[in-house]
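Me: Please take a close look at one part of this predicted model and describe the packing there. Then set that part against the rest of the chain.

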Amino acid sequence: MPSALADFIQTTPLCDTHEHLRKEDEYVDNGPDLLQNLFGNYVSADLVVAGAGQATVDRLLNAADPDIRACFTGVERAWQAVRHTGYGEAVRIIARELYGMEEISADGLEAALPRHAALRQPGQRLHILRERANLDHIQTDDFVRACAVDPSGPDFFFYDISWVNFVNGQPDIAAITQETGVTIRDLATLRQAMEAVFAQNAAVAIAVKSQHAYNRTLRWRERSDAEAAPVLDAYLRDPGSLSVDDRLCLGDWSLARGVELAIAHDLPFKIHTGYYAGHSRMPVDYIKPGHLCPLLAKYLDARFVLMHIGYPYGDEMVALAKHYPNVYVDFCWAWSIDPFSTGNFLRRCIHAVPSNKLFIFGGDTSWPGAALAYASQTRRWLTRALQAEVTDGLLTEVEAIALAGRYMRENQYDCFRVEAKKRAQVAR
Ligand SMILES: [Zn+2]
């Protein structure tokens with residue numbers, strides 16, 4: 001019989017603060033095949049790191065290849081090597097929950113094809129996420145600035161305003177002009193265009209988001225208009241002409257304007273910190289959350305959501321969340337990267353960081369099956385971490401349940417004003 005704590009975590013709707021979910025029509029018309037549904041997520045990087053060649057993994061995920069037996073057999077050795085990683089555990093959860101497969105095998109895959117076809121039907125995406133995964137709502141970064149009410153689930157699917165091109169120092173000028181009607185000639189008109197982006201999207205958007213750590217250092221410093229103006233002029237003349245320092249200058253300036261607009265429009269600002277998706281390219285000095293300190297100290301009225309627990313810089317993240325009232329820690333994707341460390345990180349936060357500042361889940365996936373698995377994985381490891389607190393006599397079960405409620409739902413409702421956003425979406 002499950003404990004009251006386990007039962008609470010299992011049955012409480014979980015807020016999902018970060019996905020890259022594809023839309024309903026894309027899921028139905030052009031969604032994942034069976035192998036993509038199982039392996040077309042972060043585990044593909046683990047398979048390469050375990051020694052499966054990139055070409056073999058590409059074949060696994062090539063929907064045009066009809067021979068699923070051969071596609072799987074090519075990676076089977078690497079799969080056995082990664083089945084116990086967080087990513088591998090999530091694949092095993094998908095296999096069990098969606099296809100009833102205890103062990104992934106070539107025979108089992110062939111037998112699962114009809115079940116997979118049933119999952120791709122209209123409405124299944126929402127059903128998998130809301131009913132089966134028991135998610136409260138989902139916040140998606142679909143990599144664009146525009147945010148619209150999603151007719152496939154108006155009070156369930158929410159979107160971030162993507163700010164990453166600005167912060168990379170590589171604004172997509174033609175697209176911004178097309179979206180806003182503002183012709184960008186100089187810093188003043190760029191600022192006007194940014195204001196227009198917020199005027200158009202902020203009422204529907206759930207947050208602003210930037211993952212510039214994939215392209216540049218997180219290190220930020222204040223840049224004056226006088227510094228940024230000539231850089232923008234050069235960029236408008238020839239986008240290829242900027243040096244790395246120029247891009248950092250324009251990017252830092254643009255991040256500051258985005259944060260100011262997020263404050264004005266009462267939206268949290270999410271920033272990717274820590275680990276990279278993929279393999280073979282991560283510079284660990286780019287991704288330290290502590291690089292953001294000058295920004296955090298300058299904008300005390302902002303709500304900064306630092307994503308992925310800054311993995312592997314957990315110590316730094318505890319210190320930031322403890323020190324800065326405007327910092328929230330998002331555990332999105334962290335449980336699948338390194339579930340054990342994430343559980344320990346949570347336990348350290350419990351005893352160092354105010355409990356209103358943690359968001360426990362985001363899957364960071366494209367497809368609902370993976371989001372379901374990552375949610376299930378989070379529930380298991382969250383239960384384990386909180387149960388350990390109870391077993392060690394650091395929390396009573398009642399206290400552990402109260403914390404779980406905060407981390408899973410209440411904190412997100414407060415920080416992202418979820419109730420108001422749900423009302424606004426449905427009214428439109
Ligand atoms: Zn992401």
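Reply: The helices named here are DSSP runs (H or I, at least four residues; strands are E, at least two), numbered from the N terminus. This is a predicted model, in which local features need pLDDT of at least 70 and side-chain atom pairs count only at pLDDT 80 or more, while totals for chains, interfaces and linings use all residues. Residue numbers start from 1 along each chain as its sequence is written.

Helix α12 spans residues 187–201 and helix α14 residues 244–264; their axes come within 10 Å and cross at roughly 40 degrees (axes are lines fitted to C-alpha atoms over the stretch in contact, angles running from 0 to 180 degrees between N-to-C directions). From α12, Arg 191, Met 194, Glu 195 and Phe 198 take part in the contact, and they meet Arg 257, Gly 258 and Leu 261 of α14 (contact: C-beta atoms, placed from the backbone, within 7 Å). Sorted by class, this contact holds three nonpolar, one polar and three charged residues (Asp, Glu, Lys and Arg are charged; Ala, Val, Leu, Ile, Met, Phe, Trp, Tyr, Cys and Pro are nonpolar; the others, Gly among them, are polar).

Helix α14 also packs against helix α13 (residues 225–237), at an angle of about 115 degrees and with the axes 9 Å apart. That crossing, of α13 with α14, is left-handed. On the α13 side the contact is made by Glu 227, Ala 228, Val 231, Leu 232, Ala 234 and Tyr 235, and on the α14 side by Asp 246, Cys 249, Leu 250 and Trp 253. Its residues comprise eight nonpolar, no polar and two charged.

Elsewhere in the chain, helix α7 (residues 86–99) packs on helix α19 (residues 368–391) at about 110 degrees, with axes 8 Å apart. The crossing of α7 and α19 is right-handed. Gly 86, Glu 89, Ala 90, Ile 93, Ile 94, Glu 97 and Leu 98 of α7 meet Gly 369, Ala 370, Leu 372, Ala 373, Tyr 374, Ser 376 and Gln 377 of α19. The contact divides into eight nonpolar, four polar and two charged residues.

Beyond its neighbours within four places in sequence, Ile 9 contacts Arg 379, Leu 382, Thr 383 and Ala 404. Ser 336 is 327 residues from Ile 9 along the chain, with 18 Å between their C-alpha atoms. Phe 345 belongs to helix α18 (residues 339–350) and is buried, with 24 other C-beta atoms within 10 Å. Apart from neighbours within four places in sequence, Phe 345 contacts Ile 309 and Gly 314. Thr 177 is 168 residues from Phe 345 in sequence and 43 Å from it in space, C-alpha to C-alpha.

As for the whole chain, the secondary structure comes to 21 helices and eight strands. Of its 428 residues, 47% are buried. Among contacts with a separation of 6 or more, 76% join residues 24 or more positions apart. Along the principal axes, the C-alpha atoms fill a box of roughly 65 × 55 × 45 Å.

Terms used
Contact = placed C-beta atoms within 7 Å. Left-handed = near helix turned anticlockwise from the far one by under 90°. Buried ≥ 20, exposed ≤ 12 C-beta atoms within 10 Å, placed from the backbone.
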